[in-house]
Amino acid sequence: MSSLPELLVLCNPLLDVQATVQPEYLAKYNLKSNDAILIEDAATDPRMKIFDEIADFPDVKYIAGGAGQNSARGAAYILGPGKVAYFGCVGKDKFSEKLLSENEKAGVTSLYQVVPEIGTGKCAALINGHDRSLVTDLGAANHFKPEHIDKHWNAVINSKLFYIGGFHLTVSPEAIIKLGKHAKESGKPFVLNFSAPFIPQFFNTALTEVLPYATHIIANETEAAAYAEAFGLTCDKNDLEAIAKSIIETDPTKTVIFTHGLEPIVAVTKDDSKKYPVKPLDQSKIVDTNGAGDAFAAGFIAGLVKGKDLNIAIDMGQWLASLSIQEVGPSYPVEKFQYQ
């Protein structure tokens, strides 16, 4: 597989442990039905029990995950083998072997940093209807070092576009900035996904450091509202267009894309503001919406790598998300469909 990709992704590699739960189970651990939380102390947090408990659930599934890694596999579905590389940190265990195997099958080059003494990170994806609540123990993912990027600098130089999962802001803003500086100096797109409401809420200092390098921002409606609140915007927290315009006012070079479930996607540039209706999919075809946002981002960035304009890239994101929600977990069809 080519070691010189066109797209480089940086995020936190995790093994997703996915199971269906009832609202009472979420309440037991004080979890919201459409949210993401990060376990800060695995030794003391009672929510670590979730990983053992759901292992015994009848429909439990183990899926190669981590938001950015899901998007890397999705982009490779469109771009083909060897065109996408992925940075992240894993342990030396059966979980990282599973992640590596899934990436290889998808055509993604894994540029993992490996720390043998720490276990690979994991994420409990608790499915309740069409919502999912994510509980993450970062494990080894929390130990990525910017120096690891230097070892693969040829891949950085060769890449046409960089995609950063916002979750990595909790790990190494320095690594993001290292890639951001190269992108800015070389005029390459640098796409940042906010990834979860807690990123702007609790990591807004890191977000502030990284934002100047982003040419494109992707977020959903709850992440956009969290950003508006954290950064003291005076506009209505539910007005996605107004939030996007506030971001553009501070930096007119940016493009902001906000998804909103089944509501229209909002895309704002300094010259234009558009809404893109979500293309309906027959309810009977929907298998699992976990990872739909990752798939949208994947299709979008793949479109940019192919040199498509904003309209086409957003359409490619919708197309790939539609394919993904017809599969179990954040995954893509075995059959290769072509975007038309």
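The buried residues themselves are Leu 240, Ala 242, Ile 243, Ala 244, Ser 246, Ile 247 and Ile 248. Before I go on, please keep in mind that this is a predicted model.

Now, the chain as a whole. It has 13 helices and 14 strands. The radius of gyration is 18 Å, close to the 20 Å that the globule rule gives for 340 residues, so the chain is as compact as a globular protein of that length. Of the 340 residues, 57% count as buried. The exposed surface comes to about 14700 Å², and carbon and sulfur atoms supply 52% of that. As for the contacts, take those between residues at least 6 apart in sequence: 73% of them join residues at least 24 apart.

A word on annotation. UniProt, in an unreviewed entry, lists residues 27–335 as "domain: Carbohydrate kinase PfkB".

On to the sheets, beginning with the nine-stranded one. In what order do its strands lie? Reading across, we have S6-S5-S1-S9-S10-S11-S12-S13-S14, in an open sheet with mixed pairing. At the edges sit S6, residues 108–114, and S14, residues 273–276, each of which pairs on one side only. From one strand to the next the twist averages 20°.

Let me zoom in on a few neighbours here. S9, residues 161–165, runs parallel to S10, residues 190–193, and four bridges join the two. If you want a place to look, find Ile 164, which stands opposite Leu 192 in S10.

Further along we reach S12, residues 255–260. Why do I call this strand largely enclosed by the rest of the structure? Because five of its six residues are buried. On one pairing, S12 meets S11, residues 216–220, in the parallel sense over five bridges, and there His 216 has Thr 255 as its bridge partner. S12 also pairs with S13, residues 263–268, this time antiparallel and over four bridges, with Phe 258 opposite Val 266. S12 and S13 make a hairpin with two residues between them, and Gly 261 in the turn has a positive phi of about 55°. While you are looking at these strands, remember that in a regular strand the side chains alternate between the two faces of the sheet.

Helices lie across this sheet too. H13, residues 310–324, lies across S12, S13 and S14, and runs at about 30° to S14. Over at S6, we find H4, residues 94–106, which lies across S5, residues 84–90, and S6, at about 155° to S6.

Now the other sheet, which has five strands. It is open as well, the order is S3-S8-S7-S2-S4, and the pairing is mixed. Its edge strands are S3, at 36–38, and S4, at 61–65, and each pairs on one side only. Neighbouring strands are turned by 20° against each other on average, ignoring direction. S3 and S8, residues 131–137, run parallel and are joined by three bridges; Ala 36 stands opposite Leu 134 there. Packed on this sheet is H3, residues 67–79, which touches S2, residues 14–20, and S4, and its direction makes about 80° with that of S4.

Where does UniProt place the feature "active site"? The unreviewed entry puts it at Asp 294, and in the model that residue is in helix H12, residues 292–305. Is Asp 294 buried or exposed? The relative accessible area is 15%, so Asp 294 counts as buried. Leaving aside neighbours within four places in sequence, Asp 294 is in contact with Ala 67, Asn 70, Ser 71 and Tyr 332.

Conventions. Residues are numbered from 1 along each chain as its sequence is written. This is a predicted model: local features need pLDDT of at least 70, side-chain atom pairs count only at pLDDT 80 or more; totals for chains, interfaces and linings use all residues. Side-chain values use heavy atoms; hydrogens and water are left out. UniProt positions are given in the numbering used here, feature names are shortened, and annotations may be inferred rather than shown by experiment. Buried means under 20% relative accessible area, exposed over 50%, partly exposed in between (1.4 Å probe, protein chains only). Two strands pair if DSSP finds at least two bridges between them. The radius of gyration is taken over C-alpha atoms; the globule rule is 2.2 Å times the number of residues to the power 0.38. Contact means heavy atoms within 4.5 Å. Accessible areas come from the Shrake-Rupley method with a 1.4 Å probe; for residues, only the protein chains shown count as cover. Axes are lines fitted to C-alpha atoms, for helices over the stretch in contact, and angles run from 0 to 180 degrees between N-to-C directions.
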